[in-house]
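Me: I should like to learn how to read a protein structure step by step. May we begin with the one shown here?

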Amino acid sequence: MSLYEGAVKKPIMTTLCFVAVMILGLFSLSKLPVDLYPDIDTNTIMVITTYPGASASDIENNVTRPLENTLNSVEHLKHITSQSRENTSVITLEFEYGNDIEVITNDVRDKLGMVSSMLPDESNTPIIFKFSTDMIPIVILSVQADESQNALYKILDDNVANPLARIDGVGTVSISGAPEREINVYMDARKMEAYGIPVETVTQIIAQENKNVPGGSFDVGNNTYALRVEGEFKDPQQMLNIIVGTHNGAPVYLRDIARVVDGVQERAQKAYNDGKQGAMIVVQKQTGANSVQIAQDVKKMLPTLQKQLPSDVKLGVITDTSDNILNTIDSLVETILYAILFVVLVVFVFLGRWRATVIICITIPMSLIASFIYLFVADGSLNMISLSCLSIAIGNVVDDAIVVLENVTTHIERGSDPKQAAVHGTNEVAISVVASTLTMIAVFFPLTMVTGMSGVLFKQLGWMMCVIMTISTISALTFTPMMCSRLLRLQKKQSKLFLMLFTPIQKALDRLDLWYAARLDWGVRHRKTILFSCIGLFVLSLGCCSGIQSEFFPANDSGRVGIKLELPVGTRVEEAERLSMELTDKWRARYGKDMEAINFKVGQASDDDTYSSLSDNGSHIIDFNISMVPSNEREKGLEQICDEMRADLAQYPEFVKTDVMLGGGHGGMGGQSMASFEIYGYDFDATDRVAQQLKSELEKVDGIGQVNISRSDYQPEYQVDFDREKLALHGLNLTTAATYLRNRINGATASYYREDGDEYDIKVRYEPNQRQSIEALENVMIYNAAGQGVRVKDVGTVVERFSPPTIERKDRERIVTVDAVLSGKALSEGVAAGNAIIEKMDLPQGIMVKVAGSYEDQQDSNKDLGTLAVLILILVFIVMAAQFESMTYPFIIMFSIPFAFSGVILALFLSDTPLSVMSMLGGIMLIGIVVKNGIVLIDYILLCRERGMGIIRSVITAGRSRLRPVLMTTLTTILGMVPMAVGQGVGAEMWRPLGVAVIGGLTVSTVLTLILVPVAYCMFAGNGVFFNRRKLKKQRALNDYYLKHKDKMTRVKASGKIHHGHEQES
Amino acid sequence: MKSIMITFDQAYNERIVELLDRLNCRGFTRWEQVQGRGTKKGEPHYGSHAWPSMCSAIMTVVDDHKVQPLLDKLHEMDQETEMLGLRAFVWNVEQSI
């Protein structure tokens, strides 16, 4: 019993099997996490080595280089970049995608073990640090506060950060912008000197006074008591009464030489939200946790948290990555629903029977839902790729069912019983259904083998499509015949409504058939005209190629903008605040309701704010975080907004560096594309000059929003040069002297003040106004072991110096990167503009400029996709050749593929869409979809020929009879993609190129397939007949000759003598 | 005793066995998936790419009086769905065991 016979005979089993699959699928769907992209594995490892006291170039020579040389031999390494700055060397290893990062980490560890003996003795052991997308904050909350500002850190830490950190999956919660409480002991420098009491003594005494000491236990009578001395301060002001020394026999109290301020940290970041001071709370997730889920949980918790806060503290959301993801996914789901609707309509119009439509359309949800099981098993997520894949599949999954249903209907119309018709009808087409699925799999399976960045995207798509296609074929061979046997009847009478509705459609379709047959008839008689005009069209479309721009990945309008501004080093934080407020007011006035939140932070981040301290910070650096309403609710695109902001920033000469980042950050997918130029060269001055020149030239180019140079300027700083001899004369050493300086300016942490289970630093240092000048530094008194004091200016000099910038290296060479952020210009154009500039430049010797960044990724993925296309073509050819058992027919069918590409090119050209990975993906899928049409046509032409028709008649008969199925499958695919191509929802810009490419390619190639494939068949078949005839004629001549000369040729005579004839002849 | 050889499109399979049951013709021999084509209009049934459909054949040996009703019913069936194809041939049974 065959598969379909079994299915028809056991309808309950068949139905329940599919119901089970559906239930499993829906179960998986409920468990699937939602994300924007498929999981991208970490491919970066950082090696951080500290070497205290070494300058950038020392670090480069002694630490970075030996490490680089060894690490360079780790397998799968793509690039090795490093930053050598004072005290620290950071080496970043970037690996090829798709390798097990754990194995690589072990390799790196082994290599580090080998090299550690070559590092300087004082350097610390290198630390391995894996960087991943998990470090990107998923939710940023804003806090506005008035009178609670001073206590804000504690309030937020207790009432917000701790509860949030308890949410499943939340990694770290950091609070920035709210300074922590600190007990400051401000010493008066002059009084200290007068009493001869240094900061160090005060620090020690405070530490010794502020202690609880257990005294053990002692017995009194029958009882045992514990003994304790509680010396910890109950109130910071108690400190004023401790005695810190004696002067002329009289005790010196702390209050005589210092004041105690129960305040906040001196240097801390400040955060402003919508122009009001407050704080920021940054939530990062744990590795592998689902960001949308966490973001939702965090948001759900906010109202409860808000209730526990003082009335002036208000929580808000600055950035919520889940909003954009959910909106994008929602609009994609909407797209899918529209696609299903369109496909159902097409099927209904073409088949004209609701029962048939129901049977076919049941296959759609079934195959799609089944693919969720795959996603669940493979740890996938509902993301842009997997959902686009569903959208693409909708048009294709019905194809198999349509073929089966059509044939079953034919059988029923011929008089078979529906049950028999279902079995035999399916049996007849089973092989071709399987073959056409195999061609699709031949296209999609190789996608699972792509490596690199695009591999991450394509792997999931490839597997999903393979699963969906397989399920749809199985369903077409079991479920569809079963449904046919139950639902289909011989139509004996048609209702009036049906006649009214469908007569015009039927008539139109009939006329179309006739019209097409007539055109085809003309075409096969004018083969050369057709052939040359097709070639002409192809060449024309190639001409349009030059008008198409290219980019790596379309920018995603996530509604987020990140801005990083740098003022000259040393600018006071108040100035930075003033400028930021000015910008905030300006932008709030301009964007009004479009702007959901604007937040900025300035100042030095504290040590325990992990999030802020990872990024650059300082009193001169301003970080903006802006979020706009979703893209479909505002008129201006994010790119335009970014450009406007850049123009505003250009008006401020105060800023040394400005960087407006679309999407909140650089790198990765979905940001604005950047043309990166890497300048390799050892000489700082020469590379700096080249970078500056390139920057100024690039800034002149139209469509380039901003240009950033990676190397920062030399930073001014003050250094104290101690004279070692003088120090020694005074019985001091360098470390002691330097520590004295540090304790007075930066402060020394004496002890901790404890209150309500929390502890706060007690910091001892000079009064603020006594450490604001160089004289103050010079007058710092240093005491030696004998208690004799000497001033800094007597043992050293304070000088202003410029510290060298960070030394960046890539692939073991010094490098400067110039990044040009493109707005309104495609990546290819930006790179071309840059290359033109570089060509004109007179590069000094030993300096090389290379294009890198996303252009490099794009080139890599183009190469991958090119190889892939060839692989797919070969596989598709093999499948078709196997099906037709011929090498010629697949060749004829493949004639339509070039026109699919010309269709893609024309569509991109006309809609002004750049060529991106997404549109190329569309192009590759077309190979499979396009040949399907050809297969249908050629298959029927062959059938007609086998039934004894002549070439031209077969072609026309087949064309006429197959026009509708071809149009139907094409229309289902095209209309399935229309919602993608014209979608206006959030994130639509990401998949629009895919839709445009498929629609363009499929339309052009279908029209041409319908004409060119029959014509090409005629040409090949005509030649075939001609050659066959010639062969036959030759054979006949040979036969005649043989019969005539049989006696001479045959060695075996009737008499049986051997070699006789031969002898006679000779 | 007459033997009737019925050849038909395999879609008739069940209906013909049903018919034999109805007319009390118990014994029969059936060949499934056989090939053939009609003399005049009958489409070839080869199970090939060009002619994918297949025939079945049934040989039944019945008493003489059952022959006519069976042939009538078969003829009726054939006329109802001409496109499938159904033929029956009758010949004598000389001996049997």
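Me: How many helices and strands does the secondary structure of chain B have?

Reply: Please keep in mind that this is a predicted model. Chain B contains two helices and four strands. Along the sequence they follow the pattern β-α-β-β-α-β.

Me: Which strands of chain B pair with β3(B), and in which sense?

Reply: In chain B, strand β1 (residues 2–9) pairs with strand β3 (residues 55–62) in the antiparallel sense, over eight bridges. Within that pairing, B:I4 stands opposite B:T60. Strand β2 (residues 29–34) of chain B also pairs with β3(B) in the antiparallel sense, over four bridges. There, B:R30 is found opposite B:I58.

Me: What does the radius of gyration say about chain B?

Reply: One compares the value with that of a compact globule. For 97 residues, such a globule would have a radius of gyration near 13 Å, and the 14 Å of chain B agrees with this. The C-alpha atoms of chain B fill a box of roughly 40 × 30 × 25 Å along the principal axes. Buried residues make up 24% of the 97 residues. Of the contacts in chain B with a separation of 6 or more, 69% join residues 24 or more positions apart.

Me: How many helices and strands does chain A have, and what is its radius of gyration?

Reply: Chain A has 34 helices and 30 strands. A compact globule of 1066 residues would have a radius of gyration near 31 Å, but chain A has 39 Å. Its C-alpha atoms fill a box of roughly 145 × 80 × 65 Å along the principal axes. In chain A, 45% of the 1066 residues count as buried. Residues 24 or more positions apart account for 79% of its contacts with a separation of 6 or more.

Me: Which residues have the most contacts inside the largest nonpolar core?

Reply: The largest nonpolar core has 245 residues, and those with the most contacts inside it are A:L156, A:I281, A:V343, A:V561, A:I924 and A:L926. Leaving aside residues up to four places away in sequence, A:L156 touches A:V143, A:A161, A:I175, A:A178, A:A279 and A:I281. Apart from this core lies another, of 22 residues, including A:I197, A:V199, A:M239 and A:A748.

Me: How far apart are the end C-alpha atoms of helix α26 of chain A, and what span should one expect?

Reply: The general idea concerns the turn. An α-helix has 3.6 residues a turn, so residues three or four places apart point the same way. For the length, one uses 1.5 Å a residue: the 14 residues of helix α26 (residues 827–840) of chain A should span 20 Å, and its end C-alpha atoms are 20 Å apart, which agrees. Helix α11 (residues 354–377) of chain A has 24 residues and should span 34 Å; its end C-alpha atoms lie 36 Å apart, which agrees. Just after α11(A), A:D379 takes a positive phi of about 60°.

Me: Which residues of α26(A) are buried, and what covers them?

Reply: The buried residues are A:L827, A:S828, A:E829, A:G830, A:V831, A:A833, A:G834 and A:I838. Among the elements of chain A that cover them are β20 (674–680), α21 (684–700), β29 (813–822) and α27 (854–884).

Me: Why does A:T503 count as exposed, and why does A:R754 count as partly exposed?

Reply: One counts C-beta neighbours inside 10 Å. A:T503, in helix α16 (residues 496–525) of chain A, counts as exposed because it has 12 such neighbours. A:R754 belongs to strand β23 (residues 748–755) of chain A, and counts as partly exposed because it has 14. Not counting residues up to four places away in sequence, A:R754 touches A:E232 and A:E759.

Me: How many residues does each chain give to the contact?

Reply: Chain A gives 12 residues and chain B gives 13 residues. On the side of chain A that touches chain B, α13 (418–444) and α30 (917–946) each supply at least two residues. The largest share, four residues, comes from α13(A). The residues on this side of chain A divide into two nonpolar, five polar and five charged.

Methods
Residues numbered from 1 in each chain as written. Chains lettered and ligands numbered in written order. Predicted model: local features only at pLDDT ≥ 70, side-chain atom pairs only at ≥ 80, totals over all residues. Expected span 1.5 Å × (residues − 1). Contact = placed C-beta atoms within 7 Å. Nonpolar A, V, L, I, M, F, W, Y, C, P; charged D, E, K, R; others polar. Rg over C-alpha atoms; globule rule 2.2 N^0.38 Å. Buried ≥ 20, exposed ≤ 12 C-beta atoms within 10 Å, placed from the backbone. Core = buried A, V, L, I, M, F, W, Y, C linked by C-beta atoms within 7 Å. Pairing = 2+ DSSP bridges.
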